[in-house]
Amino acid sequence: MQIITNPDEMRDQCRALRASGQRLGFVPTMGALHEGHLSLLHAAARECDVVAASLFVNPLQFGPSEDLARYPRDFEGDRAKFEAAGVKLLFAPGVEQMYAGPSLTFVTVESMSDRLCGRSRPGHFRGVTTVVSKLFHIVEPDVAYFGQKDAAQAAIIRRMVRELNFPVAIVVCPIVRASDGVALSSRNAYLNPEQRQAAQVLHRALARAEQAVSQGERRAQALVAEARAEFAREPHARLDYLEIVDPDTLEPVDDVSGGALLAVAAFLGTTRLIDNVVIPPQRNP
Ligand code: AMP
């Protein structure tokens with residue numbers, strides 16, 4: 001595996017691979033790799049001839065009071081995992097290599113970026129779409145892999161790619177969970193044992209709403225009430241949002257019959273976790 005920090009060198013290497021006729025898969029990450037990240041790398045390895053990945057903790061997507069400074073970093077551990085997953089080119093630039101001085105140019109997917117996490121984290125999705133645009137220009141992948149764990153991010157990136165004519169296919173991989181149902185996240189490392197236990201409430205709340213759907217409930221408001229009831233029983237978790245939206249536009253829906261995304265964010269102490277479930281289109285009961 002080659003580790004590259006310079007954007008121009010990364011572009012040259014990626015172009016050389018594609019020029020030799022190889023299909024290039026790309027997995028952007030912020031490191032602190034877990035099985036969720038590995039599932040994207042494995043999908044890329046299965047479906048492409050060669051895999052590139054990036055490891056970059058992007059300051060632009062963190063708010064001023066967020067966890068940029070203490071975000072978990074383990075370059076050596078990550079390097080070994082990228083290599084074991086078959087990554088051929090690892091792009092690991094420093095901040096100064098990605099942002100040479102203050103930026104004046106940003107990519108924003110209007111209105112969608114103010115929904116779900118975008119409402120609680122102003123500027124977050126603008127930071128994501130800007131860095132992903134830069135990475136796409138540097139790597140020029142045939143296919144890029146993202147996780148359903150960040151459902152709003154995936155929807156926003158799909159929209160950006162469509163509207164800006166990026167010549168890349170977007171693949172969204174399923175959420176990987178721990179055995180107790182908690183979605184894997186680099187931020188789970190912040191949790192103490194009590195908070196880790198309490199974190200199960202996100203998954204439980206979603207499962208309770210899904211159960212209500214399977215029993216015939218279609219009204220979003222009633223499903224949100226079911227999920228909220230689960231949070232009411234967990235004093236260690238503080239709900240940030242719990243919403244039912246269209247999976248493509250992120251606009252709120254009143255009825256889930258046509259398919260919907262049920263998304264949740266909650267604080268365990270100062271750690272903010274997210275999770276979601278897709279409710280497929282329902283046949284009439
Ligand atoms: P991050 O390093 O948090 O920016 O995540 C990099 C990629 O891994 C994103 O596309 C995430 O959606 C994806 N990802 C993170 N956690 C999971 C998970 N538990 N299951 C599937 N994909 C995940």
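User: What should the 13 residues of helix H2 span, and how far apart are its end C-alpha atoms?

Analyst: At 1.5 Å a residue, the 13 residues of H2 should span 18 Å, and the end C-alpha atoms are 18 Å apart, so the two values agree. The expected span is 1.5 Å times one less than the number of residues, and helices (H or I, at least four residues) and strands (E, at least two) are DSSP runs numbered from the N terminus.

User: Anything I should know about the model before we go on?

Analyst: This is a predicted model, in which local features need pLDDT of at least 70 and side-chain atom pairs count only at pLDDT 80 or more, while totals for chains, interfaces and linings use all residues. Residues are numbered from 1 along each chain as its sequence is written, and side-chain values use heavy atoms, with hydrogens and water left out.

User: Back to H2, then: which of its residues are buried, and what do they pack against?

Analyst: The buried residues of H2 are Gly36, His37, Leu38, Leu40, Leu41, Ala43 and Ala44, where buried means under 20% relative accessible area, exposed over 50% and partly exposed in between, with a 1.4 Å probe and protein chains only. These residues pack against strand E2, strand E3 (50-55), helix H3 (75-84), strand E5 and strand E6 (169-173), with contact meaning heavy atoms within 4.5 Å.

User: How many residues surround the ligand, and which are the closest?

Analyst: The ligand is surrounded by 17 residues, of which Met30, His37, Asp150, Val176 and Leu184 are the closest; a residue counts as near if one of its heavy atoms lies within 4 Å.

User: And which element gives the most to that shell?

Analyst: H2 gives the most, with three residues, and strand E2 (24-29), helix H2 (35-47) and strand E5 (143-147) each supply at least two.

User: Which N or O atoms come close to the ligand's own atoms?

Analyst: A polar side-chain atom of Asp150 lies 2.6 Å from a ligand oxygen atom, and a backbone N or O atom of Met30 lies 2.9 Å from an oxygen atom of the ligand. For Val176, a backbone N or O atom lies 2.9 Å from a nitrogen atom of the ligand. On its own the ligand has 490 Å² of accessible area, and the protein covers 92% of that, by the Shrake-Rupley method with a 1.4 Å probe.

User: New topic: where is Ala32, and what is its phi?

Analyst: Ala32 sits in the loop between E2 and H2, and its phi is near 50 degrees, a positive value in a residue other than glycine. Ala32 counts as buried because its relative accessibility is 17%.

User: What about Leu116: buried or exposed?

Analyst: Leu116 counts as buried, because its relative accessibility is 2%. Its place is the loop between helix H4 (95-98) and helix H5 (117-120), and its phi is near 50 degrees, a positive value in a residue other than glycine.

User: Last one: why does Ser54 count as buried, and what is it in contact with?

Analyst: Ser54 counts as buried because its relative accessibility is 1%, and it is found in strand E3. Leaving aside neighbours within four places in sequence, the residues in contact with Ser54 include Phe26, Val27, Pro28, Phe82 and Leu135. Ser54 is also 49 residues from Thr5 in sequence and 9.7 Å from it in space, C-alpha to C-alpha.

Terms used: A polar contact is a pair of N or O atoms within 3.5 Å; within protein, one must be able to donate a hydrogen and the other to accept it, and residues adjacent in sequence count only if both atoms are side-chain atoms.
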